[in-house]
Amino acid sequence: LAAPALAGGAFVREVGLGGDDPHWQIARFKGVNRSQVLIMAQTATARPIYGVGRDGRLPRMLAHVHPARRVPSRAILLIAAVNLVTGLIFANQFEMLTTLVCFGALIGFLLLHASVICHFMWRQKSRRWGPHLLLPLAGGAITAYVLFNMAHNALITGMIWLALGAIGIWFVRIFGRPQRL
């Protein structure tokens, strides 16, 4: 472009958000965009809840599909409630919230490395030691190092969260319907 500064103004005029100040127009556009992404993320998170409810591992009421909209409405409302409560609890603790999310991701990566080893080395009896044992062990060691060097409060909160999840799994195993594969 011959005048890059004018390109932003042309973009704002094309978007047609109104107002004279391009900064406000772009801010409004970004706000709408973020809202759409949050709605999509919430719906995507509700779909596994719907599936687990449909399979009987969570209450079947979560498997309800709205007749007109054809979306898992009750699962979406549950995720919305969890998001709202989490947002209110961590409203002034952004650092704690982000470290809790990191804790969950790191636990997930540890389980991923362990599952690669279990699947290939024990179930498949693989002889490929490098990709099926050594690399997952190295990745797991790095992940564990990062995990155990997190902030102390994040580790305590993450362990409480992990314990609540384990209690939930135990509760479903004891009182839930048997899994049919």
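Tutor: A nonpolar core is a set of buried Ala, Val, Leu, Ile, Met, Phe, Trp, Tyr and Cys residues joined through side-chain atoms within 4.5 Å. Buried means under 20% relative accessible area, with exposed over 50% and partly exposed in between (1.4 Å probe, protein chains only). This is a predicted model, so local features need pLDDT of at least 70 and side-chain atom pairs count only at pLDDT 80 or more, while totals for chains, interfaces and linings use all residues. Residues are numbered from 1 along each chain as its sequence is written, and side-chain values use heavy atoms, leaving out hydrogens and water.

Let's settle on helix H4, residues 94–123. Helices (H or I, at least four residues) and strands (E, at least two) are DSSP runs numbered from the N terminus. The chain holds six helices and zero strands, running α-α-α-α-α-α from the N terminus on.

With its 30 residues, H4 reaches 42 Å from first C-alpha to last, close to the 44 Å expected at 1.5 Å a residue. That expected span is 1.5 Å times one less than the number of residues. Just after the helix, Lys 125 takes a positive phi of about 55°.

Which residues of H4 are buried? They are Met 96, Thr 99, Leu 100, Phe 103, Leu 106, Ile 107, His 113, Ile 117 and Met 121. As a general rule, an α-helix has 3.6 residues a turn, so residues three or four places apart point the same way. The cover over the buried residues of H4 includes helix H5 (129–148) and helix H6 (152–175). For the chain as a whole, 21% of the 181 residues count as buried.

Thr 99 counts as buried because its relative accessibility is 17%. The side chain of Thr 99 reaches the backbone oxygen of Met 96 at 2.9 Å. Leaving out residues up to four places away in sequence, Thr 99 also touches Met 150 and Ala 154; contact here means heavy atoms within 4.5 Å.

Those two partners lead us to the largest nonpolar core, whose seven residues are Phe 103, Leu 106, Ile 107, Leu 147, Met 150, Ala 154 and Leu 155. H4 and H6 each supply at least two residues of this core, and H4 gives the most, with three. In soluble globular proteins, nonpolar side chains tend to be buried together.

Ile 107, one of the core residues, also lies in H4. Why does Ile 107 count as buried? Its relative accessibility is 17%, so it counts as buried. Setting aside neighbours within four places in sequence, Ile 107 is in contact with Leu 147 and Leu 162. Ile 107 and Gly 140 are 33 residues apart in sequence, and their C-alpha atoms are 9.8 Å apart in space.

Stepping back to the whole chain, we can look at how its contacts span the sequence. Among contacts between residues at least 6 apart in sequence, 47% join residues at least 24 apart.

Notes. A polar contact is a pair of N or O atoms within 3.5 Å; within protein, one must be able to donate a hydrogen and the other to accept it, and residues adjacent in sequence count only if both atoms are side-chain atoms.
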